[in-house]
Each structure stands twice: as C-alpha cells, then as structure tokens.
Amino acid sequence: PALGLSGLGLTTDIVQAPPIMGPWGYTYDLPADMRLRYAVTLWAMALAGAGLVAVWRRRARATTPAGRSQANYVLLGLAVPVLAGGTTEALLPALGLRVLELSAVGYAAGCLIIGFGIWKHRLFMLSATHVAPDVVRSLSDALLVLDRKGRIANVNDPACAMLGYSEGDLVGQPLEPLVTAGPAAPGEDVTQVRPTPCLGWLPEPHPPESELMVRTRQGDEVPVSFASARLVSASGAESGYTLVLRDLTLRRRAEERSREAGRFNEAVVNSLPGVFYLIDTQGSFVRWNQRFERLTGYTAEEFTKMPATALFAPPHDQRVAERIAEVFTEGQSDVEAPIRTKAGEDIPHYFTGSRVVL
C-alpha cells in the first residue's frame, strides 16, 4: 500500500492545476484532467487510510523491537503524504490561507521514510513471520532462518546462546564462516569432512542426524546435528531456508562415558577367574568372558549361533536345561555338569546361576 500510494500521488502531481474548493467557492465543473487527478488522489488517500489501519494492527501484534520499528517506518511513510495532502488541499484553504502545494513533497518524504526503513531494518528480508513466530520462540533447539544467499535473516534465543552472539550480531551475516566442517552423514566423522563452499548443501535433503561443526564466538568448535528445509513463497518460488541445530556436546560426553563404562565392565568380566556367560530367555548366549572362549575352543561367532545346552552332552544337557528354566522362574539354581569342548573333551564344572533383570 505504501508504494502504491506514493506512486499514484507522484503521478497525479505531475499535472499541476489550481486546487478545487467546491464548498469554499470554487466550481464543480472541472476539466477532464482535473476530475481524473482528484479521483486518483481520492483513491490514493483511501488506500493510505486502509494501509494505516492494516499496519497499525500489524504493529500491535509485533513481539520484537525490530518488528515494531518496521511498522513504525511504514506508518510514518504512509501518514506524511496523507497529512501533507489533507493540510494543503483542505484544511488551510478552509481557513483562508494559501500555501505552496505540499502533496508532492509529502509523497516524496513518504517514499524516503519507507525506503530508509527498508535499508535500516530490512523490511522485505525474510523474517520469523514466515516460520510461525510462536513456534520459533518455543523451540528448545537452535533455529536459523536464512535467505537464498545464505545470510542469516532471523535467529531464536537458543541459537544465540549456542553461538555466543547476540541477535544483532548474527542477523544479516553469512552463515558460511560459522560452519567449520560438514555436513557429515550419520556415522561419519564430521571432523574429517570439509564444509561445502557457498552452502551448496542447504537445498539438498539430509537425514535428521546429519552433522555439522560450528564455531562459536569464543572460538570453540561445537558438533551439532541439523535438519534443513526450504522456505517457499505463496507463488511457489524458493525464498530461503530454515536450519535447526542441536548441540551434540552433552550427547558425545554421555556416549564417551557409556563407552568407558562398557570397557570397564568388559575388563571386569574378563578378569574373572572362572567361566562366565549370560544367556537370554531363549537360551542363546548374550555375553561371556574370554576364559570361556579359551576353555571351550569356540569363537565368538560360533557362540552367537549355538544354544547354551549345546555345550553339554546327553544326558547332562537335559539336566542343565531344567536348571536354566529354574533360574528364570525361581531366581537362582546350580548344577554340576561337564562342559564338552570343541575338541570333544569333557571338563567337569560346577555352575551357579542367578536371574538378571535388565
């Protein structure tokens, strides 16, 4: 509405003619060019009024200082030509005063104000309104909205906290310098993947667990998983991208602690002086210690393909099967039976079993 008003106003003011003052003594019998001029001016003023109402409502819904500043510039740009035209065309002549025609000046000033707002606050750049402001604010993950050139158009608070920058520092800046490695596919070492120049990976689909390495303001490199999506305008044109980042630092630490715990448990199991093995309710081996492999002569691959009772020759296998069932029902049991090795040797053992609930 602002651009339409300014264009119509400037066009009508090209044709200069004495102002019409019907109620104040001027004739209504206007030449055709004057009727056209004032008809267009009337529509322009009506358009300006509608624009003022619409932008005022938008300003009332704005939740950020940038959003309110955008609306303020548009409001001022619309109001100046309306006030200038109304003052010089009606108010002052009604008071018997004659002044220079200010409509053209008002329209020009309105254009300059709106143009300054576009330059200063990027009125027509992609903003969070394209991706639902309430959703943006409620996300716990970092969200960046990018334009088609890979510049950051909007960010949420978690993104600022992750990268160590304020919103003002990030908006308008290219994302590329912040990406130090990636994108990496799931399972791929992201630190070994060089970043694709010019963010050429953004338009391509990626699994949700794809990874990037980003650099914070403090210079730290943070591993993040990311998901990207294209933003498409109502006309179907690609207008930008959304990038959702999730910090993997805590997950990596947890995974490392889990690996350390696994290595510790493995060391404890392998340090046991006797035979140890764990079977499931189907009687299949789940875990065992290295002494068990050395004693029986079977490999780990062979253990995964055989039932626990296969280590016992008849009639001991039936008795062992009964004791195993008793462990699952009663919680514990024991049995004395010889283990038959892969070489066919029988070695007597005494087994105690306890139920483990995971």
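Biologist: Which strand gives the most to the lining of the second largest pocket?

Modeller: Strand 10 does, with six residues. The model is predicted: local features need pLDDT of at least 70, side-chain atom pairs count only at pLDDT 80 or more, and totals for chains, interfaces and linings use all residues. Residues are numbered from 1 along each chain as its sequence is written, and side-chain values use heavy atoms, without hydrogens and water.

Biologist: What makes a space a pocket, and a residue part of its lining?

Modeller: On a 1 Å grid over the protein atoms alone, a pocket is an open set of points with protein on both sides within 12 Å along at least five of seven lines; a lining residue has an atom within 4 Å of a point. By that rule the second largest pocket has 27 lining residues, with Y277, I279, T352, G353 and S354 nearest its centre.

Biologist: Why does D141 count as buried?

Modeller: Buried means under 20% relative accessible area, exposed over 50%, and partly exposed in between, with a 1.4 Å probe and protein chains only. D141 has 16%, so D141 is buried.

Biologist: Why does R246 count as partly exposed?

Modeller: R246 has 43% relative accessibility, which lies in the middle range.

Biologist: How do you know that D141 forms a salt bridge with R246?

Modeller: A salt bridge needs a side-chain nitrogen of Lys or Arg within 4 Å of a carboxyl oxygen of Asp or Glu. The closest N and O atoms of D141 and R246 are 2.8 Å apart, so the pair meets the limit.

Biologist: Why is the pair said to tie parts together?

Modeller: D141 lies in the loop between helix 5 and strand 1, and R246 in strand 6, so the joined parts are 105 residues apart in sequence.

Biologist: What makes E302 and K342 a salt bridge?

Modeller: Their N to O distance is 2.8 Å, so this pair also passes the limit. E302 is partly exposed at 28%, and K342 is partly exposed at 45%.

Biologist: How many salt bridges does a search of the whole structure find?

Modeller: The search finds 11. E256, R259 and R263 are linked in a network of salt bridges.

Note on methods. On a 1 Å grid over the protein atoms alone, a cavity is a set of points where a 1.4 Å probe fits but cannot get out, and a pocket is an open set with protein on both sides within 12 Å along at least five of seven lines; lining residues have an atom within 4 Å of a point. Helices (H or I, at least four residues) and strands (E, at least two) are DSSP runs, numbered from the N terminus.
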